[in-house]
There are 2 protein chains.
Amino acid sequence: LKTTVRIALDAMGGDKGPEVVLKGAYDYLRDHVGNGVKLYIVGKKDLLSGIWGSFKKTAGYPIEFVHAGEIVGMDEPISRGLKKKDSSLAVALRMHKLGDVDSVVSAGNTGVCMASGVRSLGRLEGVSRPAITGTFPTLKEKSVVVLDVGANVDSPPQNLYQFAVMGSIYASYINRLNRPTVGLLSIGEEKVKGNESTLQAYKILEKSSLNFIGNIEGNDILTGKCDVVVTDGFAGNIILKFGESIKTYLFTKMRRQVSSNLFSRAGAYLLAPFLKRLKNTFDPAKYGGAPLLGVNGVVIISHGSSNELAIKNAIRVAVRMVHEKVNEHISGKLAGHNIVENVKS
Amino acid sequence: LKTTVRIALDAMGGDKGPEVVLKGAYDYLRDHVGNGVKLYIVGKKDLLSGIWGSFKKTAGYPIEFVHAGEIVGMDEPISRGLKKKDSSLAVALRMHKLGDVDSVVSAGNTGVCMASGVRSLGRLEGVSRPAITGTFPTLKEKSVVVLDVGANVDSPPQNLYQFAVMGSIYASYINRLNRPTVGLLSIGEEKVKGNESTLQAYKILEKSSLNFIGNIEGNDILTGKCDVVVTDGFAGNIILKFGESIKTYLFTKMRRQVSSNLFSRAGAYLLAPFLKRLKNTFDPAKYGGAPLLGVNGVVIISHGSSNELAIKNAIRVAVRMVHEKVNEHISGKLAGHNIVENVKS
């Protein structure tokens with residue numbers, strides 16, 4: 001029998017307001033009746049319970065409202081966001097730190113989420129630097145895990161190795177892959193191609209027990225050449241945001257051109273279900289949450305533009321992270337190891 | 001009256017063989033009769049003249065075949081490619097070095113092209129490091145110039161500044177933009193967001209005479225937020241290759257899903273012209289060539305998968321680079337300037 005998983009949901013984060021966050025929570029609970037998950041919904045209590053009350057048949061849903069008076073704005077600078085000790089995010093993280101919940105899910109300001117997540121929970125034993133983990137679609141049936149997508153600006157080789165370990169464990173337990181393949185994002189497939197950091201990381205990775213397939217290039221991400229893509233947070237963040245912009249780009253172009261012609265309009269009508277699927281393929285909402293791997297806790301950062309589905313998926317990932325004890329696996333692999341030695345050997 | 005522009009075309013490069021390269025050259029000359037361009041087509045002479053002979057009405061076209069016995073393979077390592085002194089690429093570059101032509105166009109091995117271009121022609125006065133310049137589509141009517149997309153692995157701030165200068169001049173004279181806007185690719189819009197190199201480059205750029213708009217993020221490339229995107233060759237190369245892979249990704253997905261359903265097939269038929277345009281928008285062939293800016297000469301590296309149109313466009317860009325004296329403008333701006341001083345002031 002599984003024990004209860006307790007999740008604090010920052011209900012004031014996200015571009016679309018608390019209605020959408022709560023609807024996502026509602027959808028999750030409706031589809032997972034009796035699986036032992038309890039949600040602590042954090043934010044302006046009166047507002048939130050009012051919204052919740054507007055949903056149908058909520059009696060018996062395992063939720064509890066927790067009041068937090070402040071809100072971190074989506075565009076608020078990190079330094080200012082960190083100072084709000086009574087924000088819904090800060091309250092949720094404090095609950096996690098104190099052991100009152102097992103995980104925090106937020107669709108709030110990514111930078112503040114990341115910084116206060118690391119600051120309040122600290123790092124997992126053995127981890128030098130936490131990483132944000134993004135998910136990209138691929139031409140294969142499975143998606144690919146990319147990390148770091150923005151928790152760090154520079155990543156020394158030892159950190160890239162740790163990202164590889166964390167990504168592999170995540171892909172194993174959350175994406176249920178057996179010995180996931182790991183690629184190092186670089187500018188050529190040969191071992192000698194890359195910057196200082198990737199050249200060193202290559203040497204560590206090829207000697208590691210990971211299923212390392214070598215360098216991959218930018219065009220190998222969407223083909224699904226490997227299950228885990230390791231990169232520094234600078235290149236990773238740029239590629240994540242570029243990837244997210246493809247959806248808007250394609251559909252703006254499509255709208256403009258299709259609307260100009262009757263045949264095109266008819267075609268678009270017939271193709272609508274397919275076009276929608278195509279659009280969703282680049283939609284971050286599909287994957288729901290980017291876990292902040294390497295912190296001493298389970299923090300899922302959902303995209304600011306998250307819809308109900310994204311929130312629902314973020315909760316689902318949080319629950320799996322707790323059930324599968326992903327953090328224990330990471331610490332088990334990294335704690336007590338002197339990584340620098342691996343390079344010299 | 002314009003003087004003759006002489007271009008050496010490496011006809012043995014490219015994934016699709018010399019037929020496509022020659023057809024591109026033929027198409028260019030057919031559409032630009034009497035504009036004073038002469039093409040030197042370099043490679044296995046018998047083979048090339050045989051292909052040329054199969055085209056219609058070629059009499060009077062200003063071409064000359066130049067024999068070169070070796071070929072640099074598309075996947076050949078740079079070190080080995082550089083050793084082939086009688087390759088079509090090496091012969092073309094030698095002609096340029098000796099002043100027999102004004103420009104070299106090649107769809108060959110990018111790495112070898114870049115390395116031997118720099119090695120044989122040297123750097124333009126005032127330029128620390130040449131950069132490969134890529135072109136991306138945007139939601140606006142104009143495309144965006146991105147550099148460096150792979151000539152360098154690490155780029156100190158002074159080099160990023162020089163990329164900005166070269167990109168601005170290219171956008172002014174080739175894309176005919178008045179005071180093109182320059183954005184620095186980073187992981188946040190604020191001045192304090194970025195890695196060591198971008199933070200310093202920001203300080204140089206904001207004091208420069210360029211039309212600098214600050215940091216941009218990965219999602220700002222396709223929206224056309226600026227005309228020139230400055231980045232190091234590592235992130236630039238990854239984003240270029242990722243961008244190129246979108247076309248294959250989208251149309252593989254589309255083919256798979258559309259073929260499964262009669263309504264979708266009908267829709268796809270009606271939408272065909274639009275879908276083709278959409279596909280082309282991410283097609284590197286549309287832009288034809290990536291100039292290697294900063295070398296003492298005009299070298300246009302066309303994408304390995306170039307079709308006739310790409311070759312034709314690459315020749316067009318080469319001709320404009322020569323006519324507009326882009327290199328003189330770059331040297332005029334960068335030669336004799338102590339860039340490091342700009343940082344300290």
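Colleague: What rotation superposes chain A on chain B, and with how much shift along its axis?

Modeller: A quick word first: this is a predicted model, where local features need pLDDT of at least 70, side-chain atom pairs count only at pLDDT 80 or more, and totals for chains, interfaces and linings use all residues. Residues are numbered from 1 along each chain as its sequence is written, chains are lettered from A in the order in which they are written, and side-chain values use heavy atoms, with hydrogens and water left out. The copies are superposed by least squares on the C-alpha atoms of residues with pLDDT of at least 70 in both. Chain A then lands on chain B with an RMSD of 0.1 Å, through a rotation of 180 degrees with 0.0 Å of shift.

Colleague: Nice! Which C-alpha of chain A is nearest the axis?

Modeller: The two copies are thus related as by a two-fold rotation axis. In chain A, the C-alpha nearest that axis lies 2.0 Å from it, and its residue is G267(A).

Colleague: Do the copies meet through the same surface or different ones, and what share of the chain A interface residues shows it?

Modeller: Contact means heavy atoms within 4.5 Å. By that rule, 53 residues of chain A are in contact with 53 residues of chain B. The copies meet through the same surface, because the share of chain A's interface residues that are also interface residues in chain B is 100%.

Colleague: How much area do chain A and chain B bury between them?

Modeller: Buried area is the accessible area (1.4 Å probe) that two parts lose on being put together, summed over both. Carbon and sulfur atoms carry 73% of it here, and the total is about 4,900 Å².

Colleague: Which residue of chain B forms a salt bridge with K241(A)?

Modeller: A salt bridge is a side-chain nitrogen of Lys or Arg within 4 Å of a carboxyl oxygen of Asp or Glu. The rule finds 2 of them across the interface. For K241(A), the closest N and O atoms are 2.2 Å apart, and the partner is E217(B).

Colleague: Which element gives the largest share of the side of chain A that touches chain B?

Modeller: Helices here are DSSP runs (H or I, at least four residues), numbered from the N terminus. The elements giving two or more residues to that side are α7 (196-207), α8 (233-258) and α9 (262-281) of chain A. The largest share, 19 residues, comes from α8(A).
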